[in-house]
Structures are given as C-alpha cells and as structure tokens.
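Hi,

Here is the structure I promised to pass on to you. My notes on it follow below, and I hope they are handy.

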Amino acid sequence: DDGATVDLTASAVWSSSDDGVLTVSNDAATRGFATPVASGFAEVRAEVAQVAGFAHATVSVDVVVAIEVSPPNASTAPGCTQQFTAVAMFNDGSTAEVTAAAAWTSGSLNTATVDGTGLATGVAPGTTTISATHSGLEGTASFVVVSPALYEVTIEPSTATIPVAGTQQFSAIAHFASCAPNTQDVTSVASWSSSDTAVATVGASDGKATAVGAGTAEITASLFGFTPHATLVVVSP
C-alpha cells in the first residue's frame with residue numbers, strides 16, 4: 001500500500017439505507033449523485049469488488065406546513081373581480097408565493113368563479129369559499145358577493161315635445177353601483193305623476209303620458225326615495 005487513491009465512483013454500486021429519505025443514482029451519467037426526499041437520516045453505501053464503504057447523511061428538506069390565502073375576507077359586486085394570492089408556509093419559518101402554482105377553486109360557482117391565477121369574479125349575491133391547494137395542503141378565504149347599491153334613477157327621455165292628444169312613453173331606469181354598467185328598467189314599478197294634468201296626464205304605473213292641452217308639465221317617477229323629472233312640452237296642432 002503506497003497510499004495512492006483511485007476514484008471508483010463510476011464503477012461502484014451505490015445504495016441508500018432509506019430511499020424514503022435519500023436516493024443514490026446508479027445511472028451512468030449521474031452515478032453517485034444523491035437526491036434528498038425527506039428530512040431524516042440515511043446511510044449511503046458504495047460497493048466495489050465486494051468491498052463496501054459507507055457515509056452517513058443527514059437530510060433536511062423544507063416542508064410546506066400550511067397555505068395562506070390573502071385577503072382572508074373580501075367582498076365585491078356581481079361582475080366585479082378580486083385578486084387572491086397564495087403563500088406557502090415552510091417548517092423552517094420561511095415563505096414563498098405559490099399563487100401561480102396553486103390549484104384554485106370556488107365553493108359555489110353560482111356565487112363566484114376563480115381562475116388559475118387566483119382572480120375571482122362575482123356572479124350573484126351570496127357567500128362562497130375561495131380555496132388554493134398546493135403541496136397537498138389547502139388554504140381558504142371567504143368571498144362575499146353583495147347586491148349592487150342603487151344610487152340613481154333617471155327618466156328617458158329627459159325632455160320631449162308632442163302635440164295635443166299625442167302620447168309619449170317615458171321609461172324609468174335604475175342605476176346600480178358596480179364595476180361594470182349595471183342598469184335596470186323599472187318603469188313598471190315606479191309611481192308616475194304629472195305636475196299639471198291640464199297639460200298632460202301619465203299612467204300611474206306605465207309611464208305613458210297623454211297630452212291634454214298646450215303648455216309644459218313635469219313628469220315624475222318616484223321609486224325608493226328617488227324622484228327624477230322629465231319635461232314634457234305640449235304644443236297646439
């Protein structure tokens with residue numbers, strides 16, 4: 001023995017005492033390369049010509065222990081969107097955003113949908129759970145879709161001119177607060193009135209005005225405390 005050494009990596013047969021912790025490759029291109037699988041201890045064995053050598057390996061693998069979805073509580077109106085994000089919490093206290101890698105689902109597609117990027121869209125009023133799944137773990141957030149608020153009622157047309165004995169159909173339009181145009185025809189549920197029935201009358205529940213005599217009358221639609229007006233000018237034939 002002259003103390004010389006020879007690299008026998010390529011000719012050795014490699015093995016691990018616990019493949020659940022660490023595996024060792026015997027492939028030609030990667031022989032002797034170890035791959036961690038899970039935290040723990042394993043003994044690596046290399047054998048050449050019935051002579052074996054051993055090494056002890058301690059494996060520490062970052063393990064995801066929880067998925068956190070943000071914001072944890074959110075609300076919006078139908079047709080509006082809310083971006084959620086997912087963060088993986090590791091056993092060593094570190095974190096990593098996994099929004100794009102997570103699988104996203106909505107507990108009620110009738111209330112809200114969510115795409116693969118965590119972008120949720122309100123469908124109809126209600127409450128649902130938005131979930132992100134990653135590494136076998138799930139994080140959730142509460143998502144409330146609220147009814148859009150009524151903020152204005154208008155009359156169309158706002159002005160009109162008709163001859164005596166003529167008619168004019170007015171419409172009442174409710175405007176709701178939302179991220180997209182959200183209007184509803186409420187003509188049939190509004191209460192209609194004329195400021196001067198000697199000039200024009202109007203159907204109490206249909207918004208149809210009939211000219212009586214020359215002059216000007218204000219046509220009003222009353223609904224939920226809103227009282228928009230339209231101007232009706234009646235001219236002699």
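A word on terms to begin with: domain bounds here come from an automatic or database domain assignment. That assignment gives domain 1 (13-59), domain 2 (64-145) and domain 3 (149-235). Between domain 1 and domain 3, the C-alpha centres are 85 Å apart.

Please note that this is a predicted model, where local features need pLDDT of at least 70, side-chain atom pairs count only at pLDDT 80 or more, and totals for chains, interfaces and linings use all residues. Residues are numbered from 1 along each chain as its sequence is written, and side-chain values use heavy atoms, with hydrogens and water left out.

Now to a sheet. Strands are DSSP runs (E, at least two residues), numbered from the N terminus, and two of them pair if DSSP finds at least two bridges between them. Three strands make an open antiparallel sheet in the order 6-9-10. Strand 6 (64-70) and strand 10 (95-97) each have a single partner strand, so one side of each has no neighbour in the sheet. Strand 9 (residues 85-90) pairs with strand 10 over three bridges, in the antiparallel sense; Ala88 has Ala96 of strand 10 as its bridge partner.

Thr99 sits in the loop between strand 10 and strand 11 (103-106). A polar atom of the Thr99 side chain lies 2.9 Å from the backbone nitrogen of Ala86.

Best wishes

Terms used
Helix = DSSP H or I, 4+ residues; strand = E, 2+ residues; numbered from the N terminus. Polar contact = N/O pair within 3.5 Å; in protein donor to acceptor, adjacent residues only side chain to side chain.
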